[in-house]
Every structure is written in C-alpha cells, then in structure tokens.
Amino acid sequence: MTKYVVAIDQGTTSTRAIVFDHSGAIVSTGQMEHKQIFPQAGWVEHDPMEIWANTREVIGSALGQANITRHDVAAVGITNQRETTVIWDKRTGEPVYNAIVWQDVRTQPIVDRLAAEGGVDRFRETVGLPLNPYFSGTKVIWILENVPGVRERAEAGDLLFGNTDSWVTWNLTGGVNGGVHVTDVTNASRTLFMDLRTLDWDQGILDIFKVPRSLLPAIKSSSEVYGVASSDSLLRETPVAGILGDQQAATFGQAAFGPGEAKNTYGTGCFLIFNTGHDIVMSKNGLLTTLAYKIGDQAPVYALEGSIAVTGSLIQWLRDNIGLVASAPEIEALANTVEDNGGAYIVPAFSGLFAPYWRTDARGVFTGLTRYVNKGHLARAALEATAYQTREVLDAVNADSGVPLTELKVDGGMVANELLMQFQADILGVPVVRPVVAETTALGAAYAAGLAVGFWSNLDDLRANWAESRRWTPDMPVTEKDRLYRSWKKAVSKSFAWVDDDVV
C-alpha cells in the first residue's frame, strides 16, 4: 500500500525533494543549491543541466532518508520557480542557453519595442499581465534573437520551451526517450502567451512575438496524471500527477481554496496571492491577474497576485556580497542588537520594482543614513523592507477587493524569523498566522498530485490537514506605524528613474 507523496520543489536557489505522509507532515527532505550566474548587471541565469542533476540527487536523498522505495510512493508533484525560461533540443536534451531567471531584466528593450503600440498593458485584458521583463515571453524572444541558430532550429520544430516545471517533467518522464512536454495553467499564465479565458496559447500574441507554437508545451490542469517517471529514475513508473507554479502551490498548501482567502510567501521574493474564485478580476492597483489552480476537468480558479522581486535574496546579498552576516539566520540576532532601524531604510530594487509600481527604471537604495547607523540598524532595515513591501501589496489587494483582509497566512523560509513576523503584523495592523507545516510550496504540489490519484479524496481532506502553529498580533501604536510607513514610501520614491539609456 502506498503511504507517501513526493514533491519536487525546483526553486530559485535550490532544488528539493520532500516526502509527505497522508497528514501532510514532512517525512524527509533532500536539498541541493545550484549556482547563481550573473554574466553582467541585471542578468541572472541558471544551468538547467545542473538543476536536473540536482533533482535526481535530491530524490535519492529524500527516499533514502525516509527508508522507502518507489513502491511506497503514490504520486509525484512538481512545483517550480515561475517565469524562469529554458529552451532545449528535444533530440539531444541539451539546453540551447542557460535558463534566464525570472529576476533577469535584460529584455527591457524588447518590452519597449512591444509596448510601442498599445503600451505595457497591450495584452493585459487577454493574459492578465503587463509587458515586463519578469515574464517568460520576452525571455523566449531574447533567446530566439540572440543565440545563433536557435530561431532556425525552433522554426524547424527541433526545440522545446518551458519554465523549469516543463524541464523537470520532460526529463523525469524520459527526456529524449518519450519525455512528456507539458505545463500547467498556473505556469502558462506567467508567459504572456496564454488566454485566461480559453486556457490555451493565443495565436495572435504568438504571431506578434514571432514564437513558433511548436516550441510550447501542452497546457494541462494542475492536478492530473501527465505520465510516469522513466525506467532510469528511482521513482520509475510512479505517476507524475501535479504541477503548480511555486506561489500557487503555496496557496494550495495553505488550503486557501475559497474566494477572499489569501497567503503571503516569504522566499527569494515575496508573493501575496488573493483567491478570486471563478472570476477574472483585472487589478486597478498594480496587481497581476493569474490562475490560482485547476483541478482536473473542474472549472479554473483565478487570483490576484502581488509580486515582490527581492526579500530573502536581500539577506543573501548582504551575506554574500557585503559580508554583513556569515549566514542568513544571523540577520535576526544582529537586528535584535538595536531597538529600531535608526532612521535607515533599504529599498532592494535590484531588478526594478514589481508590484504595485512596475518600475523597471528603479534601482536599490540605502536612505536615511547618518553616523549613528550601525550594522544592527542595517540588518533591521533589511528585514523591515520585506514587511513594508508586503504592506504595499496588501493595500493594493484591499483596494481591488473592497473587502480588507482581517488576517494574513504566511509561509516560506523567512517566517522562522520572529522579529520579522512581529514587525509584519505591526506594520499591517492585522494578525499574521504561520501554519504547522511552513513548507507549503512543496506541500501544495504534493496535494495536487495526491488528489489526482485518489491519495486524498477532496479539498476537505486538505483543509483538515491545515493547523496553526503561531500567531502574531499587532502591538505598535498607530502613530508610530504610520510614521514608519510614510518614511518608507519616501525612501521608495528615491529609487525611481535611476536607469537612463546609458545606465544599466
């Protein structure tokens, strides 16, 4: 009898395999980081072959730690860093170029070219997204236009494109020996190519982008059997049955299945998703319209999303580039050496600003510095930047929905930081709630796969698994909260209009 589901979580900085039991508890985890490649300012890449090698390795590690085999596993679910773009040769399995990561901003000239007719919202009514380097579509154009021979090979039908969910799924199900080339609706909704209403690639947009349709994966639901793991995998013959982009997976793992429910994930970036049910809601306040999930042949569920580019990666930058701390967890202890930010603010607009501004001309700034400020103040300012950016997004959600959230469910690596979570509750003015299983991204992928094979019967089974671990309630005077937030907004304004034609 199968007792477990395995989730593959292919993230921005690492790949993990996590074994879950029927209660949604973690049994074991395998994890490996991959190299972050920065060829020049504003460019961010990953090696797809390293990602696939790491995926195989972490599957073995997770199975070994749990002391189980494929016979104990009911299904495999996949979740992934969205928008990160891979194009590879279907005959050799070799990528034609490194994966271009969602944070990469090299495609701004392509965005400008496409926006010359109709502006950045030219396709928003169809795809729910503005034209922006963030999304996969302009990354595909860049590879087709800049890597020698790729356009000819693509037009000949020799190449395949996908976000990393498609790359992992294709390799896991056989690769050059019959690998399945698919994606799910959540990932497809991040390309600039998918019609939100038909859930199919929009041929008119593909023609404008000059992208061959043969390059694209088949769009499937988030929960169905796409194929089985190949014979050379430790999971051979196990159904691959769930795919969700990482933020949608976290929403699923938080059991935020009803309209009006929301979650915020604190990872490399920060992403707040607000469930709008079966209604497609176009934001008037800088949010994205996206797919939340689709279960089998059931009606799709939509969402509004507030995307923040840099949160956890700011701490990583302070560790690796500046040497402020030796390890990421040390940031909390350092921040606790002071009582406030000392007047310092950090706006981490390393790749411009995402929601609610969508300013690609912004760059990171430190403001409010005086001789009084020390490294403890900078550590606190770095953590507070995440909370302030979340407040901006939540304000936009409240404005679009007309029904203010009364509490915020949170997950992701940064929610272990008690100082950050308390400040988040303070600056929002609503309780912040952490679940028992904070790894909700992987859990959501496991849930989607398990539903498809009957390991879990329905959404009520998943709701029953959710349990609260910790709750932070606001404990800051309103006048102080307003003063801090006012200064943050002033700091953000200082990051605008940094990039000129001759500045990257």
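This is a predicted model: local features need pLDDT of at least 70, side-chain atom pairs count only at pLDDT 80 or more; totals for chains, interfaces and linings use all residues.

Me: What makes β6 and β8 a pair?

Reply: Two strands pair if DSSP finds at least two bridges between them. Four bridges join β6 (residues 86-89) to β8 (residues 159-162), so the pair qualifies. The two run antiparallel, and Trp88 has Leu160 as its bridge partner in β8.

Me: Which way do the β6 residues point, and are they buried or exposed?

Reply: Val86 and Trp88 point one way, Ile87 and Asp89 the other, and all are buried. That label means under 20% relative accessible area. As background, side chains in a regular strand alternate between the two faces of the sheet.

Me: Why is one side of β3 and of β11 left without a neighbour in the sheet?

Reply: The open sheet has six strands in the order β3-β2-β1-β5-β12-β11, with mixed pairing. β3 (26-33) and β11 (223-228) stand at its edges with a single partner strand each, so one side of each has no neighbour there. The twist from one strand to the next averages 25°. Seven bridges join β3 to β2 (residues 14-20), antiparallel, and Arg16 has Gln31 as its bridge partner in β3.

Me: How do you know that α6 packs on the sheet?

Reply: Helix α6 (residues 164-172) touches β1, β5, β11 and β12, and contact means heavy atoms within 4.5 Å. Its direction makes about 145° with that of β5.

Me: Which residues have the most contacts inside the largest nonpolar core?

Reply: Phe193, Phe209, Val211 and Tyr266, in a core of 107 residues. Helix α12 (residues 375-401) gives the most to this core, with eleven residues.

Notes: Residues are numbered from 1 along each chain as its sequence is written. Side-chain values use heavy atoms; hydrogens and water are left out. Buried means under 20% relative accessible area, exposed over 50%, partly exposed in between (1.4 Å probe, protein chains only). Axes are lines fitted to C-alpha atoms, for helices over the stretch in contact, and angles run from 0 to 180 degrees between N-to-C directions. A nonpolar core is a set of buried Ala, Val, Leu, Ile, Met, Phe, Trp, Tyr and Cys residues joined through side-chain atoms within 4.5 Å.
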